[in-house]
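Subject: Structure handover

Hello,

Here is the structure, with my notes below it. Please look it over before you read on.

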Amino acid sequence: MIHARGLAQTFETKQGRTTTQVRAVDGVDLDIEEGEVVGFLGPNGAGKTTTLRMLTTLLRPTEGTATVAGYDVVTQSADVRRSIGYVSQTGGISSYARAGEEVMDHGMLYGRTKAQVEKRGKELFEELQLDGLWDRQSKTMSGGQKRRLDIAMGLIHDPTLVFLDEPTTGLDPQARANLWTHISDLRERRGATVFLTTHYLDEADSLSDRIIIIDKGQIVASDTSDNLKSAVSGDLVDLEVAGAEHVAEAAKRLGSLGDGSSEVEVNGNRVSGRVRRAGRAVPGLLRDLDANGIALDAIEVHRPTLDDVFLTLTGRSLRDAEASTETPTPEGAPQ
Amino acid sequence: MSTFLRECFIVFRRQLRMNLRNPAWVFIGAFQPVLYVVLFGPLLKPLIGQLGATNAYTFFIPGMLVQLGIFGAFFAGFGLIGEWREGVIEAERVTPANRSALLVGRLMRDELQLLVQALILVALGYAMGMDAPFDGILLGIALTLLIGGACAASSLAFALTVKSEDVMAPVINMVMMPVLLLSGILLPMTIGPGWLEKASDFMPIRWVVDAVRNAFGGNWDGSTLFWGSAWSVGLFALAIWWGTATFRRENA
């Protein structure tokens, strides 16, 4: 469905007299098969949206090639546009226009007749729980409703490939969860291939078959969520030791678990370290501690999160990456 | 071609629908020239002999018409920035529709709005005692639509390039003042000193104003009409080219 080789985008930003070249996307290879749901994850400014804009023919790549739905994004851009649905970060519905009319006009720009888009539009409104909002202005809608309306607009011409750019940013948890079910439906009900960008780990985790992580314009990983997580060396075991005199001993015993290579962190009464297959190792550890008279106030075992994956791959946590990335504003890229 | 026209029409209809939901703007746009005619026109009446004309309104309405065409159209871009911010432009650009149609459809709305305003102005002129031949009015309005279209297309192109009202507003102000003062919209440049008239020769709009004025006065001969029409068509073509290039640009 999507095949990209060496895709790159260089922006020029001017500050006073000095022109700096910013390589927002730096040689991206992508292969996405039909029917896949792929989460494109990365901190703000990593190049997610820029990559998406190149794949959706909104931005001409400075280097590299890409075919989307079988068409070249540069030489066959109209065919690409005909085959894809794109829901941008900002949506694309004027706040003063009536919802139904906006969706119909959009569909008609794909060459559909008025009757076709009216019928399809009303079906989509029903599927996306927008019944009764056909004649409403989008400025009177809730964030979740507005986002579902954006998606209805992106689906009006029944695309087989759907791009969603940050679909749930700014929504409350309930609206997010609701939107997730609709996004899952895209594949379940219509067999669409979905390519979504997000900087939420849980979103990528729960929606996608495969996660592609981008950092500083380069792909740093591409695998299933489970495989990515098992690449992190083990689960995090976090012990709270009762009695300060036992902390060092507990740390030693935790460190000797598994292959003994993991580092143990001690912080006051808390001892934590990574252990492969913690489910198997922990009972033994508990018996061991108990037999040596070391009591615990608490024990927690955390499966690795995508944040841990990101940390392992880039040496920074996603949150730090967000904070440290000073995103230059490339001309024409909506923020 | 028919696909292109259909796409232009879809964009045009959407724009028109949004405007009609707020028709006040059409009238607010025409309000300024109407005020000029009502409050400034009477001041010209006693002076009109010195300006080399006989009927104050036949002289004055053409200037107002061109002013309406230029200044009203300059503001077309502001709405576009709002649309861009809401993602409307991007959503349209991701459809297979011809990107020039996105410009032309909007331009059709601006031209229709200008036509309605021009008709209001001409009707008002007649009510105030203007004496102009029908064919002259037709040509005058046609030239107004051409120069207005040129300004609207430039405004849309400029808006999509800078994407900021804060840049648009001062630039429009900067352009408007010399245009207003050097094109003889309010008073003919011929009554000024030689150097000022010479300077106004370099202001294309001045030729358009003179041409519309001649057309309204039923004066069909001379090079003024030719130069006014040539400038209108030329600027219109140039602005369409700029606008089309901007809308087609890959990363606009």
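Ser225(A) is buried, at 7% relative accessible area (buried is under 20%, exposed over 50%, partly exposed in between, with a 1.4 Å probe and protein chains only). This is a predicted model, in which local features need pLDDT of at least 70 and side-chain atom pairs count only at pLDDT 80 or more, while totals for chains, interfaces and linings use all residues. Residues are numbered from 1 along each chain as its sequence is written, chains are lettered from A and ligands numbered from 1 in the order in which they are written, and side-chain values use heavy atoms, without hydrogens and water.

Ser225(A) sits in helix H8 (residues 225-231) of chain A; helices (H or I, at least four residues) and strands (E, at least two) are DSSP runs, numbered from the N terminus. Apart from neighbours within four places in sequence, Ser225(A) contacts Asp205(A) and Ile211(A), contact being heavy atoms within 4.5 Å.

Two loop residues of chain A are worth a look. Most residues other than glycine have a negative phi. Ala69(A), between strands E4 (63-68) and E5 (71-72), has a positive phi of about 55 degrees. Lys216(A), between strands E9 (210-215) and E10 (218-223), has a phi near 50 degrees and is exposed, at 58% relative accessibility.

Then the interface. Chain B and chain A bury about 2800 Å² between them, 50% of it on carbon and sulfur atoms; buried area is the accessible area (1.4 Å probe) that two parts lose on being put together, summed over both. The contact takes 35 residues from chain A and 27 from chain B. There are 6 salt bridges between the chains, each a side-chain nitrogen of Lys or Arg within 4 Å of a carboxyl oxygen of Asp or Glu. One salt bridge pairs Arg53(A) with Glu90(B), with the closest N and O atoms 2.4 Å apart. On chain B, helices H1 (2-20) and H5 (88-93) each supply at least two residues of the side that touches chain A, and H1(B) gives the largest share, 8 residues.

Regards
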